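Subject: Structure handover and what was found in it

Dear colleague,

Please find below the structure that I am handing over to you. My notes on what was found in it follow directly after it, arranged by topic so that you can read them alongside the model.

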Amino acid sequence: MKHLSEKSVFRVVVVALVLATFYRLYPLVSGDRVLSAAFMTEDGYLMLTVARNMAIGLGMSVSDGTIPSNGVQPIATFLFAVPYWLTDGDKISGLWGVQLIGAAISVIGIFTVRAFAREALMPQDKSHIWPWLVAALWYSGQHVLLHTMNGLETGLYAVAVTTTLVIFTRLLAMGEDAKFSDRMLLGTAGGITFLVRVDAIFLLLVIAIVWILHEIFVARKRGSRIVQEATAPMLLAAIIAAPWLINNYVNFGSIIPVSGTAQALSGGFAKNADLVPAVMFEYFFPMLPIPHALQFNPIFQTLASAIVVLIGGTFFIQVWRRGGAVRYAILAYLIFAFVMVAYYGFYFGAGWFLSRYLSPLAPLFIVATLSVALSLLTRVTPVHGKAIVRGLGVASLVLCFGLLGRLLIPGVKEQGHFQVVDWVTENVRKDVWAGAIQTGTLGYWHDRTINLDGKVNPDALDAILTEGNVLNYVLNSQIEYLADWHGIAAWTTTNNRGNDAFSDGFEVLVQDPVRNLDVLKRKN
């Protein structure tokens, strides 16, 4: 155990942070194809299409600037527009810039996650190695790493959430010494966090409730004083958020972006509930991604749920007993976690994105696992407990990189949409319109692409809401080709819902289940 001193573990942490940074940057030196597909997701490309159009003067839009869209999160979109503005809209150079921005945000996340972990763990053990270990596990875990480089707001959201909670903790710790500027800093952080991702409204409401209850029952302040002190920061957060909400309502008829409405359509009560145990388990143990087949195993689901509840409950009880201002921030974080799980697991649709939606909970869950392990092992073996935890931390980091290395093996991880891009690039002229349900990747590389699932296309979303499908919308559009995953060919037969006009208007050109590709062409 003598070789697992804090100094030795810190060296391992530094090496892990450096390696995880290089891993994030390897696509930059691996050729255009790797750069295009390594980290960038389908929805990431949707956001980058809007960002690029903004940069080249087409406004917040898709489809070669012809369809206005608010189906993105604002701050990340504006940030990602910068490299396209600097490169006059060059798609490859823009991707370089986006990946560098994603990596830079992730590096910032090391320090904001560490800051949160330090606030949470210092009352338990004042060693500085534990917060660094939490940050390294967060930074190196397979799911978090991929999510922070996906061309979306996910990495920035983790930074914003942890920063807001650290500010909240320190504000409460100041007590009577807290100044007006300290409270306004919290309001500023809250407003920015909302603009990073709009479901932060859950976090802001929880923080506001916990703060007010703390001031009433712990600080024993008068109601008038609480109102006086809380109103300004809450109002500031609302003012910061207001421009985006006003834009959404005035230009699109709802404060909720069209992407949120479109993805919610696939929902249903508890539709994603069977995925929740595996996703939460993966964030409590970021070195243990769960194979897809195991995620739906009832025995695993029961065991994972029990482990998650046991660790989370034990952690909160211990934190509450230790006292201090941080316990109220952790209470807020846990309530936020519960709301997020309930919302995305039992109400919202798009279960395939559940891991990304719940990724801002990872810092809390990793802290909880380390804290409980530290408590348990130091109680079981007081002499060697901390060294064992350090050893487990090092082993976890090694496992993280083993799993990341596996993803580099050809065929293990595919982006999933470039077979569609390749076919369209080879067979469809740039001035001809294509359409697809999934148009993130395709729409980025082929400008004249019309989205049909409504995520970034209000007209398609309206067709889905009013008619139940987009068949007539497609017939009345300029779309000449429909290219997407295997299955879209059924639109001309079993899935045309009696729309004979669609069957008369389009024919199957390609039906290739091996390549996961179908193409329909408008009949002349």
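This is a predicted model: local features need pLDDT of at least 70, side-chain atom pairs count only at pLDDT 80 or more; totals for chains, interfaces and linings use all residues.

Helix α6, which covers residues 129-140, packs with helix α18, residues 362-380, at an angle of about 135°, and their axes are 10 Å apart. The two helices α6 and α18 are therefore oblique to each other, since an angle has to be over 145 degrees to count as roughly antiparallel. The crossing in which α6 passes α18 is right-handed. On the α6 side the contact is made by Trp130, Leu133, Val134, Leu137 and Trp138, while α18 contributes Ala362, Pro363, Ile366, Val367, Leu370 and Leu374. Sorted by class, the residues of this contact of α6 with α18 are eleven nonpolar, with no polar and no charged ones.

Two further helix pairs share helix α16, which spans residues 326-346. In one of them, the axes of α16 and helix α15 (residues 298-322) come within 9 Å and cross at roughly 155°, and that makes α15 roughly antiparallel to α16. Here α15 passes α16 in a left-handed crossing. The contact brings together Phe315, Phe316, Val319 and Trp320 of α15 with Arg327, Tyr328, Ile330, Leu331 and Leu334 of α16, and by class these residues divide into eight nonpolar, no polar and one charged.

The other partner is helix α8 (residues 154-174), whose axis comes within 8 Å of that of α16, the two crossing at roughly 145°. The crossing of α8 and α16 is right-handed. From α8, the residues Tyr157, Val161, Thr162, Leu165, Phe168, Thr169 and Leu172 meet Val326, Tyr328, Ala329, Ala332, Tyr333 and Phe336 in α16. This contact of α8 with α16 has eleven nonpolar, two polar and no charged residues. Tyr328 of α16 is listed in the contact with α15 and also in the contact with α8.

Turning to the strands, there is an open sheet of five strands in the order β4-β3-β5-β7-β6, and the pairing in this sheet is mixed. The edges are formed by β4 (449-451) and β6 (506-512), each of which has a single partner strand, so one side of each is left without a neighbour in the sheet. From one strand to the next the twist averages 25°.

Within this sheet, β5 (residues 481-484) pairs with β7 (residues 517-522) in the antiparallel sense over four bridges, and Ala483 stands opposite Val519 in β7. On the other pairing of β7, six bridges join β6 to β7, which run antiparallel, and Val510 stands opposite Val519 in β7. β6 and β7 form a hairpin with four residues between them, and in the turn Asn516 has a positive phi of about 55°. Helix α20 (residues 418-427) lies across β5, β6 and β7, and runs at about 150° to β5.

As for charged pairs, the count comes to 16 salt bridges. One of them is formed by Asp43 with Lys455, where the closest N and O atoms are 2.9 Å apart. This pair links distant parts of the chain, with Asp43 in helix α3 (residues 42-55) and Lys455 in the loop between β4 and α22 (458-467), 412 residues apart.

Finally, a note on one residue, Leu403, which lies in helix α19 (residues 385-407). Leaving aside neighbours within four places in sequence, Leu403 is in contact with Gln142, Met287 and Pro289. Leu403 and Leu465 are 62 residues apart in sequence, and 42 Å apart in space from C-alpha to C-alpha.

Conventions:
Residues are numbered from 1 along each chain as its sequence is written. Side-chain values use heavy atoms; hydrogens and water are left out. Axes are lines fitted to C-alpha atoms, for helices over the stretch in contact, and angles run from 0 to 180 degrees between N-to-C directions. Angles under 35 degrees count as roughly parallel, over 145 as roughly antiparallel, 65 to 115 as roughly perpendicular and the rest as oblique. A crossing is left-handed if the near helix is turned anticlockwise from the far one by less than a right angle, and right-handed if clockwise. Contact means heavy atoms within 4.5 Å. Ala, Val, Leu, Ile, Met, Phe, Trp, Tyr, Cys and Pro count as nonpolar, Asp, Glu, Lys and Arg as charged, and the others, Gly among them, as polar. Two strands pair if DSSP finds at least two bridges between them. A salt bridge is a side-chain nitrogen of Lys or Arg within 4 Å of a carboxyl oxygen of Asp or Glu.
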